[in-house]
Amino acid sequence: MTSDSDAAGGLVPARAGAGGGPAPGAGPPPEPVDAGRGQALWLSSDGEIEILDPRRVAERAAAEPPLLCHAPATARRLGLERLAGYDLLELFAFVRPAAFCAPTPRGLALALGLAPPQGLEERALTLGLAASALLREMAARGFEDPSARGIAFTMTRGGWLWGPPLLRALGAAPAEAEAPRAGQGYAVWERMGEWNEHAPPAQPSAHPVEPAAARRRLAELVGEDAEMRPQQADYAEAIARAFAPREREGAPNLVLAEAGTGVGKTLGYIAPASLWAEQNEGAVWLSTYTRNLQRQIDDELARLYPQPAEKRRLVVVRKGRENYLCLLNYAEQARAVALKGGETAIGLGLMARWAGATRDGDMVGGDFPGWLADLIGRGRSLGLTDRRGECVFSACEFYRKCFIEKSVRRAKQARLVVANHALVLIQAALGGDEDGQVPQQLVFDEGHHLFDAADNAFAAHLSGREATELRRWLLGAEARRSASASRLHGLKRRLEDLAAGDAKLEEGLDQALRAARALPGEGWAQRLAGEGAQGPAEAFLVKVRQQVLARAQKAGEGYSLECETEPPVEGLLEAAGLLDEALQRLQAPLAALRKRLLAKLDQEAESLDSETRRRIEGAARSLEKRALLPLGAWRDMLASLAEETPPAFVDWFAVERIEGREIDVGFRRHWLDPGEPLARTVLARVQGAVVTSATLTDRSEDPEADWRTAEQRSGVPYLAGPALRVRVESPFDYPALTRVFVVTDVRKDDMAQVAAAFRELFLAAGGGGLGLFTAISRLKAVHARIAAPLAAQGLDLYAQHLDGLDVATLVEIFRAEPDSCLLGTDAVRDGVDVPGRALRLIVFDRVPWPRPSLIHKARRAGAGGRGYDDRLTRMKLRQAFGRLVRRADDRGVFVLLDPMMPTRLASAFPSGVPVVRLGLAEAIAETAAFLRPRRD
């Protein structure tokens, strides 16, 4: 067998010395290790295979750091707290920054063009081949990237095991590691271009999109080599009606379009949307609920704009500010590395590599690999985004290179903007984007989630966490600890130069900051549970908590608790009154401050430069969004405690808990029907809109009632005109491609029985199983029982809430590993798009009835009682089933482990697919038989 060092041309890493540091010069390569549940395969340099228990792995790795893939995940699989070694993902992130691979040996092999491994031994061998391939790649093109050597030098000085072999690949001897200055290459901003300002776009024209033209554009997108599905063409033609000129104010051309899986919705609406954008020189916003679909749409748009430069000019992915790398936050750490070096240089070096290669700086669903945060720590990666609204806008030294500002400006010139529901709704609630502009044409894909997105966007929460965040935004971080200086900015620091010399601004700022101390401070959660509440906000929350704990139904699984606001416990109304007075003392100077800032734009118009004007506008907008809007809502809520909750809202008190641990206490207000603010603040202001999904309607026995419900959840009753209803059926032959089984002899409350059912069904399918759970505790109970037995049969098991990876990364692993299994809750179900054999079995632990919360109770009362529960449950079953078949040659089995499933829910599944009730043994046999690979 050829050794890895021969294959790499001598570039494979040297084995570390006993002290853990990299050994100088060439030496034997590190030995690969791959772990299953509870044991690992260690492949020695002479080709011997050893199966080691976790204790032995830890001991050996301490002396001889091995070659592995995703050290934190490997440690978790072995039950170890930590496992050091040569992590292939770190090397991949350095050599191919801003590129993705599934964080497994097979994922690396697929990304590098290597043969996909089968079994633990081949997976271990693949690690050595992947290391060689990456180091050869770095050697071949290293000199094209002058920053690579400097970053590698600094990381080596920080103790990075990959440093010496990388330096050799780059043509530098490890002994030279002391030569360059520390931090060389980390100043990525020096290599970035600045954004350019453009004139504001003109108002779009109002030319309609002809249905025949939409069909022709779709044919162009599909291409000559692909057969255009008639359902897709019908869908594109119907969607074109949303792109006609509006006839009346407040009456958009609204199309509600249900298109079954396989119709090809994405290209179906891109066709008319792109035509409208071209004909009218305007932008169409394509909005999704999940990041996964955002990426899919962005990928599909390469068909429309095959030239990357043209696509970059005409297409932009837009998200909220909290998704992007903040260069100011990054620079603070990069400069510290330049001064001190140390171990932090390793993680920040990988961040420097990514920041220098990223397309747009998007760290949440963009080109930032989700697993990288797990490797280097979230504080040194995702923690570098502006999650707390502390942007200083044009006062920032990196303002002209800011990823966020670039994205905002590109969106103004783009023709197609790929956004998400939350951003669209929040911008609408604020009256538009930074310039007050609102999109004229909207497409809401994943439209079945629009109701929930509106519910979240237009809600108000007066809670410990929300109020503490507002205090921190106003006062800055009061407990410095290890926080860096750039993260301590309060309102005074952000506005001090704008307020300088303006007595009214300075006085209002000081007054507001004094009043902000009435909000909860650090340690508020501990004080609420004790006797030391400080200030009116904490005093009110103490009473809220008291009422919840006294009255909430304790049955359930130890998670969040809630109760009605009436009647209040003794002292609560008095505490609410004192808090309202305190909030008024904060609201008044902040409102005056905002007014004074905006007045400067008029009074000092002759002397203000453009950047200062933008900064003032940004500061005023931030005051409105971050402070004045929530303060106004909170005061309205407090006032209603002594009067009556307005009929449009539902109020309640809550103690939010995770696994029994309290994380928040508060007063919540939601719209009874969030379709009302959705219609009035978003839909009524646009020319046309599309709300589309494969599961827009319930598909009960009353089609008209189904459409009325879909219209209600989309805000149609609050608009001045009706919506066009469109339904296009799926082209898939579901009766031939799928089976639906309801298991009748497994007790859903006996987790041992439930776990046994999952185990045997996953084994019968040979992997490719997705387990969906209605509660995290049930997921964990099953995982604990089946992980080892599945591993013993060669099936990897991954789980949301347990593997320390974000949902998108888990789904990518599941997609790349066709015989793996995945356990998750609603977020996994919504984020899965896995065609082929990688997903061939879905097992639901029980009927996913809606949680009987107070907001659900209120909505249920006005929407049909039990029928409302049935509709929501059927929708969840339909959405889950829709994950099973994504292509015409897919086959899949859907299993529900709940003998109590009512027959009336069976309409959730496609017509012609029988819902068969049977025992577990029979379900296992039927699953194995149906999924057995066919022989052509």
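The structure is a predicted model.

**Helices α22 and α25**

Two packed helices are described by the angle between their axes and the distance between the axes. Helix α22, residues 503-515, packs against helix α25, residues 572-603, at an angle of about 155°, and their axes lie 8 Å apart. Angles over 145 degrees count as roughly antiparallel, and α22 and α25 are therefore roughly antiparallel to each other. The crossing of α22 past α25 is left-handed. On the α22 side, the contact is formed by Lys504, Leu505, Gly508, Leu509, Gln511, Ala512 and Ala515. On the α25 side, Arg585, Leu586, Pro589, Leu590, Leu593, Arg596, Leu597 and Lys600 take part. Sorted by class, the residues of this contact are 9 nonpolar, 2 polar and 4 charged.

Strand β7 spans residues 284-288; because 5 of its 5 residues are buried, β7 is largely enclosed by the rest of the structure. In a regular strand the side chains alternate between the two faces of the sheet. In β7, Val284, Leu286 and Thr288 point one way, while Trp285 and Ser287 point the other way, and all are buried.

| Partner of β7 | Residues | Sense | Bridges |
|---|---|---|---|
| β9 | 416-420 | parallel | 5 bridges |
| β10 | 441-444 | parallel | 4 bridges |

Trp285 has Val417 as its bridge partner in β9, and Leu286 stands opposite Val443 in β10.

Conventions
Residues are numbered from 1 along each chain as its sequence is written. This is a predicted model: local features need pLDDT of at least 70, side-chain atom pairs count only at pLDDT 80 or more; totals for chains, interfaces and linings use all residues. Side-chain values use heavy atoms; hydrogens and water are left out. Axes are lines fitted to C-alpha atoms, for helices over the stretch in contact, and angles run from 0 to 180 degrees between N-to-C directions. Helices (H or I, at least four residues) and strands (E, at least two) are DSSP runs, numbered from the N terminus. Angles under 35 degrees count as roughly parallel, over 145 as roughly antiparallel, 65 to 115 as roughly perpendicular and the rest as oblique. A crossing is left-handed if the near helix is turned anticlockwise from the far one by less than a right angle, and right-handed if clockwise. Contact means heavy atoms within 4.5 Å. Ala, Val, Leu, Ile, Met, Phe, Trp, Tyr, Cys and Pro count as nonpolar, Asp, Glu, Lys and Arg as charged, and the others, Gly among them, as polar. Buried means under 20% relative accessible area, exposed over 50%, partly exposed in between (1.4 Å probe, protein chains only). Two strands pair if DSSP finds at least two bridges between them.
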